[in-house]
Amino acid sequence: MKGLLIKDWKLLKNQGRFYAVIVLFALVVMAASESGYTFAGYYLTFLASLFTLSTFSYDEENGGTGFLMTLPADRKTYVKEKFLFGILLTGGSWLVSCLLSAVFLMLRKPGENPLSLIPPMLGFLAVFLLLLFAAIPMILRFGPEKGRLGLVGMIGIFTLLLIIISRTAGSADAAVESLKLVLARYTAASVSVAVILYLAVIQACYRISVRIMEKREF
Amino acid sequence: MLVRLHEAEKHYDSFCLQCSLEVREGYVTGLIGPNGAGKSTAFKLILGLVCPEAGEVSVLGKTARSLTSDDKEAVGAVLPGSGFSGYLSIRDILPVLKSMYRDFQEEDFIKRCGQFGLPLDKKIKEFSTGMKAKLKVLTAVTHKAKLLVLDEPTAGLDVIARDQILDLLREYMMPGDRSVLISSHISGDLEGLCDDFYLIDSGKILLHEETDVLLESYGVLKMTEEQYQALDKEWILKVKREPYGYSALTGQRQYYMENYPEITMEKGSMDDVITMMVQGGQG
């Protein structure tokens, strides 16, 4: 596991210049925008999850995944490493994003509490990690290119759902209000259910990935 | 027995491998055969990269697919055209190998990289074919593996690079308890290295022989039509029609040399054996 993590880290490091440009771009956009404090939040976190997926392409290059499987690393460990690398990289980028967003907020609106950024930032982290973990089994099954297309597709569907929900919500105020009431009354329970569901989906993604990898032939 | 394939079968759309072979401790075993014969499929079965549909594949006494990470430390592998990502350098893969193999000999690895002219900081994708091949073999041999499984490790190399790799493998075998399974298109490589070899074609093993026996006892008879008709064919393995008459492969060269001194006899080589066994008909 450690060896595979080092390999992916070295791959990331070798693309350092490219990522430095991306961070710079995020800073420029945030500086230019009056209210885009959370831009780095989703931009950098999304890119980190995308880089995790691109490590599959590096591995696949010339059938390299098959070679990796001849090293002392079994198929389950390979999947485990990708999930862990995804968490570390996306989580790390998210922390950097949080810091950047907080600094920008404090500079632009000194009176505002930077902790107010936590809910949206947590939301970005949860969504991008979920998308990443859902894309991993697709990549293992269909290959890096199709898998990444799948990720973009999922983001599209997710965005579409959000738009539909927000529009429908306007025409069904009563239902939304009653849902808000229920959530407000049972906040702890709602959060617990959401977290449990979230973790269950991630675990399912992991298990499916392991099963695909164990059946895969090189 | 370090490797054992017993009636192992693997089917693809238009190809079927049905093969039995063994690699003994202290032996360098060659797997030879034309392109598409099934060599790489056999290697993949041994390395657990594909699953057999029938038969048995065992490595180091365990089913190939059930080898643990600890078991795999005792195996070094070279696969044609595949290895670490080209976006990494040798310096990048050093800590990877160090953390994967408890017996990784870092100093030796770096020293040999220098000897082989492999730069530590250059990206692997910028390496020449020969440099990539050397790196793959070096990676396989520098962690005290008990078994090497090398599929075409010398493919596309010039004579000097090939000799360097073959010397490295000879050195690897020095302790005496190690084994190598190797395939190559260049039979000369295998003649000078292998203790025994398997000839494979169309997914089937056609011949298993000790290399010394092949070089000492095998021969190719070159004869006219009349000489062929009068020939005792008991020890003839394969026959091929030629413009001058017939050529025939035998595993009893001495017998024919003594009894048919008028027939031209050529000493057997791996190339002759491959050509005759694959292209020749029954004697």
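Modeller: The centres of domain 1 and domain 2 of chain B, taken over C-alpha atoms, lie 34 Å apart. This is a predicted model, in which local features need pLDDT of at least 70 and side-chain atom pairs count only at pLDDT 80 or more, while totals for chains, interfaces and linings use all residues. Residues are numbered from 1 along each chain as its sequence is written, and chains are lettered from A and ligands numbered from 1 in the order in which they are written.

Biologist: How do you know where domain 1 and domain 2 of chain B lie?

Modeller: Their bounds come from an automatic or database domain assignment, which for chain B gives 3-211 as domain 1 and 218-279 as domain 2.

Biologist: What makes residues of the two domains of chain B count as being in contact, and how many do so?

Modeller: The criterion is that the C-beta atoms, placed from the backbone, lie within 7 Å, and by it nine residues of domain 1 of chain B are in contact with seven residues of domain 2 of chain B. On the domain 1 side, helix H7 (187-191), strand S9 (196-201) and strand S10 (204-210) of chain B each supply at least two residues, with H7(B) giving the most, three residues. Helices here are DSSP runs of H or I with at least four residues, strands are runs of E with at least two, and both are numbered from the N terminus. That domain 1 side is made up of six nonpolar, one polar and two charged residues, where Ala, Val, Leu, Ile, Met, Phe, Trp, Tyr, Cys and Pro count as nonpolar, Asp, Glu, Lys and Arg as charged, and the others, Gly among them, as polar.

Biologist: What does chain A contain, and which part of chain A gives the most to the side touching chain B?

Modeller: Chain A has nine helices and zero strands, and its C-alpha trace spans about 55 × 40 × 25 Å along the principal axes. The contact between the chains takes 23 residues from chain A and 25 residues from chain B. Helix H1 (2-14), helix H3 (39-60) and helix H4 (64-68) of chain A each supply at least two residues of the chain A side, and H1(A) gives the most, seven residues. By class, this side of chain A has nine nonpolar, seven polar and seven charged residues.

Biologist: Why is H1(A) called oblique to H5(A)?

Modeller: H1(A) and helix H5 (residues 75-108) of chain A pack at an angle of about 50°, with axes 9 Å apart. The axes are lines fitted to C-alpha atoms, for helices over the stretch in contact, and angles run from 0 to 180 degrees between N-to-C directions. Angles under 35 degrees count as roughly parallel, over 145 as roughly antiparallel, 65 to 115 as roughly perpendicular and the rest as oblique, so H1(A) is oblique to H5(A). A:Leu4, A:Leu5 and A:Asp8 of H1(A) meet A:Tyr78, A:Glu81, A:Leu84 and A:Phe85 of H5(A), a contact of five nonpolar, no polar and two charged residues.

Biologist: What makes H6(A) roughly parallel to H9(A)?

Modeller: The axes of helix H6 (residues 118-142) and helix H9 (residues 187-215) of chain A come within 8 Å and cross at roughly 20°, so H6(A) and H9(A) are roughly parallel to each other. The residues of this contact divide into 14 nonpolar, one polar and one charged, and among them are A:Phe133 in H6(A) and A:Ile208 in H9(A).

Biologist: How do you know that the length of H6(A) is close to what is expected?

Modeller: The expected span is 1.5 Å times one less than the number of residues, and H6(A), with 25 residues, reaches 36 Å from its first C-alpha to its last, close to the expected 36 Å. After H6(A) comes A:Gly143, whose phi is positive, near 100°.
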